[in-house]
Structure formats: C-alpha cells, structure tokens
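Trainee: Hi! I'm new to this one, could you walk me through it?
Mentor: Happy to, here it is.

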Amino acid sequence: MDVVSDAISTVRVGSPSSSRLRVAGAWCVRLAPYEGAGFHVVLSGSCLLVTDGGGAPVPLGPGDVVLLPHGAGHVLAHAAAGAAELRRAVPFEEVRDTDVRRPGPGPEVELLCGKYRLDRSRTHPLLAELPQVVHLPHRAGGHPELQAAVGLLARELAERRAGGCLALPSLLDLLLVYLVRAWTAEAGTGAWPAALSDPVTAAALRALHSDPAAPWTAARLAAEAGVSRATLARRFTALVGRPPMAYLTWWRLMLAATRLRATDAPLAAVARETGYGSPYALSHAFNREFGTTPGRYRSLRAS
C-alpha cells in the first residue's frame, strides 16, 4: 500500500451514495453538513457552489469535479444567483433524482451529487489537511485519469447498462482516489503534498506503508531512504510532524483499529499483522493511544 491508498482505506466505510440532479431556470438547493465527504460532478451546464460560513462562490463548469472532504454544508445554485436567492435554497432531498425547471432564465444543468461515508475517528493527517473545498476544473490535458473517470460516470448514468449498480459505486471510489491524488499534485502549500514530493520522506513513507509490520529500526529505514539517520529524522519530522518511528507506531495502531472494526480476527492475529510481538504489547499501546482496550473498542464499534 501507499500513503494515499492507506489514508483513504482506513476511513472509508460502506459504499458511496449518489443522486442525479437535473435543473434549469432560477434554481437553488441546499445540502446540509455531513459526517462524511461530499462530492459533485458537473456533467453539463454551469452553476455556483457556496459553502456555509460566507465563503466566496465557486463557479463550476462542464466536467468540473468538486470534493468537500470535511462534509461542509453548502448551496448549489444557477450561475447568476444572488445572495437573496441563496438564502431561499430548498433542501436537496426535495429535488434529487428529478427534473426541476424553475421560472427564470438559465440553461439546463446536470450534476452527479453524492457522499462518501467516513469514520473520522482514525483520519490520516493527509486527509485532515485537505481544504474545505477541493475544486478541480476541467481543462485540456489536466489529470487525464480524473477526466476519464468523469466520462465513464457520465456514460453509466446516461445509458443505464447492465451491471451499472456495481460499476457506479466502483467508479465513485476511483473518483475519490483521483481527487486526493490530484490535490496532492496541485497544492501549492501544505505539509503532506511537500512530504510526498520530498524524495527522502516519500521513500520512507513508501517503505513503512508497504510493510508496517516489519521490524523497522531508524537505521534500517534510513538505509531504505538512502540517507543518514539524522538526515531522515530531520526531514521526515519537519514535513510529517513527528519522527519516523513515532509515525510508524501511530500508523500501526490505526491499522489495528481498522482490523478490529472490520474483522473478527483474534487479537493475537491483529498484533502479528500490525508489528506487535504479543497481544499484551498491542493492548498496552492501544490503550495509550485510544484510552480503551482493543476488546472494548471492538465492542463499541460493533454497537
């Protein structure tokens, strides 16, 4: 695994949900705050997105994709909507999966709107660093894999072919990966985009995420990154926010929490999979990080 894949897989729960929105005229809809992450794909037309809290409107055009990674409440509206119209937005639930034509000028707009279910108790700092709105406008030559996913989504919605009930959620999962990947490539600032572009830190992260249960030491990890222990510690800590071995301990416990939530594996097996020599060693570290034992954590997550 790699950092982006691991960061997403540890928080993703269940399957994404989506709805089609086809509107025209002077329309305006509100989407309430959500514990997961929201997304929109503009299949045709143009519109505005305005997040709660008075942020500047974000113009969206054909082929644009937007991710709201922290589930911020927001309004979608026709491109010429004013402040008074935005305040009168109707709930999204009243119009989703229907064709709505409001009085007033404005071409037809079609969007795919949806949500990803996330368990934020184990959010990786890479995802925590994402801004409230990740807007990736369509442009020639930009992120071809993302544009290909958008094209496949549009085709699945338009043609409703056999197997679409499986294809659509799989494409939406792929869309999330491409969105996070594109943000890390485009972000001008931020610790994690810098960490993933730094060859030394990125090499160490790849090694740790590829085999977190391995008997890593500072010397072995530095050799993997091709630098001295001091150089690795300095660069890794500056970009990631904690020393390499402290990051490894934290990541192992995040993996253990994921295994406890998602499987019925015995504690001894979870300990082996996450680099702990015994269930006791895992329990001690787990209690220090989460304030509860692995058994109680599993019971609480199940309930």
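Trainee: In what order do the five strands of the open sheet come?
Mentor: The order is E5-E4-E7-E2-E8, and the pairing in this open sheet is mixed. Keep in mind as we go that this is a predicted model.

Trainee: Which are the edge strands?
Mentor: They are E5 and strand E8 (90-91), each of which pairs on one side only.

Trainee: And how do E2 and E7 run, parallel or antiparallel?
Mentor: Antiparallel: strand E2 (residues 28-31) and strand E7 (residues 74-78) are joined by four bridges. To pick out one of the residues involved, valine 29 has leucine 76 in E7 as its bridge partner.

Trainee: Is aspartate 64 buried or exposed?
Mentor: Buried, because its relative accessible area is 6%, and the cut-off for buried is under 20%.

Trainee: Which residues is aspartate 64 in contact with?
Mentor: Setting aside neighbours within four places in sequence, its contacts include three histidines, His40, His135 and His138. Val41, Val42, Pro59, Leu136 and Pro137 are also in contact with aspartate 64.

Trainee: Switching to helices, how many residues does H9 have?
Mentor: Helix H9 (residues 229-240) has 12 residues. From its first C-alpha to its last it reaches 16 Å, close to the 16 Å expected at 1.5 Å a residue.

Trainee: Which residues of H9 are buried?
Mentor: Thr231, Leu232, Phe236 and Val240 are buried. Looking down the axis of H9, these buried residues fall within an arc of 120°, so they line one face of the helix.

Trainee: Why do residues three or four places apart point the same way?
Mentor: An α-helix has 3.6 residues a turn, so residues at that spacing end up pointing the same way.

Trainee: What do the buried residues of H9 pack against?
Mentor: Four helices: H6 (191-197), H7 (199-210), H8 (218-225) and H10 (244-262). On the face of H9 turned away from its buried side you'll find the exposed residues Ala230, Arg234 and Ala238.

Trainee: What follows H9?
Mentor: Glycine 241, and its phi is positive, near 100°.

Trainee: New topic! How many salt bridges are there?
Mentor: Searching the whole structure turns up seven salt bridges. One of them is between arginine 12 and aspartate 173, with the closest N and O atoms 2.5 Å apart. That pair links distant parts of the chain, 161 residues apart: arginine 12 is in the loop between helix H1 (3-11) and strand E1 (17-24), and aspartate 173 is in helix H5 (residues 164-186).

Trainee: What does arginine 261 form a salt bridge with?
Mentor: Aspartate 119, with the closest N and O atoms 3.8 Å apart. Here too distant parts of the chain are linked, since arginine 261 is in helix H10 and aspartate 119 is in the loop between strand E10 (109-116) and helix H3 (125-128), 142 residues apart. Aspartate 119 is buried, with a relative accessible area of 8%, and arginine 261 is partly exposed at 27%.

Trainee: Where does glutamate 273 come in?
Mentor: Its side chain meets that of arginine 259 in a salt bridge (3.1 Å, N to O). Glutamate 273 belongs to helix H11 (residues 267-273) and arginine 259 to helix H10, 14 residues apart.

Trainee: Now the cysteines, how many disulfides does the count come to?
Mentor: Zero disulfides.

Trainee: Why is cysteine 28 too far for a bond?
Mentor: The closest cysteine sulfur, in cysteine 47, is 11 Å from the sulfur of cysteine 28, whereas a disulfide needs the two sulfur atoms within 2.5 Å. Cysteine 165 is too far for a bond as well, because its closest cysteine sulfur, in cysteine 113, is 19 Å away.

Trainee: Are cysteine 28 and cysteine 165 buried or exposed?
Mentor: Cysteine 28 is buried, with a relative accessible area of 10%, but cysteine 165 is exposed, at 75%.

Notes: Residues are numbered from 1 along each chain as its sequence is written. This is a predicted model: local features need pLDDT of at least 70, side-chain atom pairs count only at pLDDT 80 or more; totals for chains, interfaces and linings use all residues. Side-chain values use heavy atoms; hydrogens and water are left out. Helices (H or I, at least four residues) and strands (E, at least two) are DSSP runs, numbered from the N terminus. The expected span of a helix is 1.5 Å times one less than its number of residues. Buried means under 20% relative accessible area, exposed over 50%, partly exposed in between (1.4 Å probe, protein chains only). The arc is that of the directions from the helix axis to the C-beta atoms. Contact means heavy atoms within 4.5 Å. A salt bridge is a side-chain nitrogen of Lys or Arg within 4 Å of a carboxyl oxygen of Asp or Glu. Two strands pair if DSSP finds at least two bridges between them.
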